[in-house]
Amino acid sequence: MVRMKALKFGRAKGYFLALFLAFGLFASSAAQAQIIPPPPSMAAALQTLFSIKEPAPDVMSVPALSNLIKGGASLYHLGQRSDMHGWLIVQDGRIQMIYLSPDKQTVLIGGMFSSQGDNVTSPQVESLLDRNGEVRAIFEGPSNQAQAQQPLPSSQPSAQPPQENLSPGERLMRDIQAASSVTLGGSTKATLYMVVAPSCPNCKSTWKELKDAVTQGRLQVHLIPAYNSEGPNERAMAARLLRVDNPLEAWNRFVDGDNQALVGQAQPQDLEAVDSNMNLISKWNIQGFPYLVYRGRDGQVKIVQGRPQRIGAVLDDLPQ
């Protein structure tokens, strides 16, 4: 059994990759982030999650796929699991993943997970990058090369490039840093931005893996509260996180099962702040939580979508 998560995400490269395409319309570009490859032993194990031996169906026989090709998109076969073939689709520098139902009558947009919660899409993309140099070049090449080669306007100081010349990753980092958040842990070079929703079990699991590094002073996490549903309870809990006296204590209690830690009257301005965070999520087509953003040791903006498969790889990649 596989579990599909409906996702809405712009361009991203990271250990988990998933991007959204509204039918016929590609989502806006998201962050340029480097891939954190698994070790060879793990990579071999992840390959068992799917098969690349089964030949891909004729995409021209599936209207939903053939229409994408006619519109100028390129399709790259990701492999097959549970009789569902997947493709990475690229058009105008924008990327998404799509899966075809066994009867070829339905396409599903987003990331695939096994019934045990294993991320299937990420190793599929990793495998594709290893097999296909053209796709790897798409991910590793500058997304705004044409703009970057344009001279800066004479009125613009050279130290402050115009906004449109920022890479997608830098634009994402700018927006994430401006989001309403609470800071967990003291000041340190190792800084991580984490978009969470109170109802998200993967957010809680990821936090449990990060907590020791925070409490030991090795990591600072900026928690950006959001919500998964339109219901008032989760929205209010997310807003309460912005208001509590001790967010680290409250978040730890909540993650440990004490729902009362975020219960209380949410202030209108905090609700508005959380709604603003949701606008940020919509702008960048972020699909699912947690969503991690950080600057790696090489200075590049990195993103991890969903619960990291190797949290140690993320921590090791942070500046010390």
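Reader: Parallel or antiparallel, how do strand 11 and strand 12 pair, and over how many bridges?
Author: Strand 11 and strand 12 pair in the antiparallel sense, over five bridges; two strands count as paired if DSSP finds at least two bridges between them, and both strands (E, at least two residues) and helices (H or I, at least four) are DSSP runs numbered from the N terminus. This is a predicted model, in which local features need pLDDT of at least 70, side-chain atom pairs count only at pLDDT 80 or more, and totals for chains, interfaces and linings use all residues. Residues are numbered from 1 along each chain as its sequence is written, and side-chain values use heavy atoms, with hydrogens and water left out.

Reader: Which residue in strand 12 is the bridge partner of tyrosine 291?
Author: The partner of tyrosine 291 is glutamine 305. In the hairpin that these two strands make, five residues lie between the strands, and glycine 299 takes a positive phi near 85 degrees.

Reader: And how many residues of strand 12 are buried?
Author: Five of the five residues in strand 12 are buried, where buried means under 20% relative accessible area, exposed means over 50%, and partly exposed is in between (1.4 Å probe, protein chains only). Val301, Ile303 and Gln305 point one way from the strand, while Lys302 and Val304 point the other way.

Reader: What's the strand order in the open sheet?
Author: The five strands run in the order 8-10-9-11-12, with mixed pairing. Strand 8 (182-184) and strand 12 each have a single partner strand, so they stand at the edges with one side left without a neighbour in the sheet. On average, neighbouring strands here are turned by 20 degrees against each other, direction ignored.

Reader: Which strands of the sheet does helix 6 touch?
Author: Helix 6 packs on the sheet, touching strand 9, strand 10, strand 11 and strand 12, and its direction makes about 110 degrees with that of strand 11. Contact here means heavy atoms within 4.5 Å, and axes are lines fitted to C-alpha atoms, for helices over the stretch in contact, with angles from 0 to 180 degrees between N-to-C directions. The buried residues of helix 6 (residues 168-178) include Leu172, Met173 and Ile176, and the partners of its buried residues also include helix 10 (268-283).

Reader: New topic: how many residues are in the largest nonpolar core?
Author: That core has 58 residues, and those with the most contacts inside it are Trp207, Leu219, Leu223, Trp251 and Val293. A nonpolar core is a set of buried Ala, Val, Leu, Ile, Met, Phe, Trp, Tyr and Cys residues joined through side-chain atoms within 4.5 Å. Helix 10 gives the largest share of this core, six residues. A second, separate core of 17 residues includes Tyr76, Met84, Leu128 and Phe139.

Reader: Last one: where does lysine 104 lie?
Author: Lysine 104 lies in the loop between strand 6 (94-100) and strand 7 (107-114), and is partly exposed, with a relative accessible area of 38%. Leaving aside neighbours within four places in sequence, lysine 104 is in contact with Pro57 and Val62.
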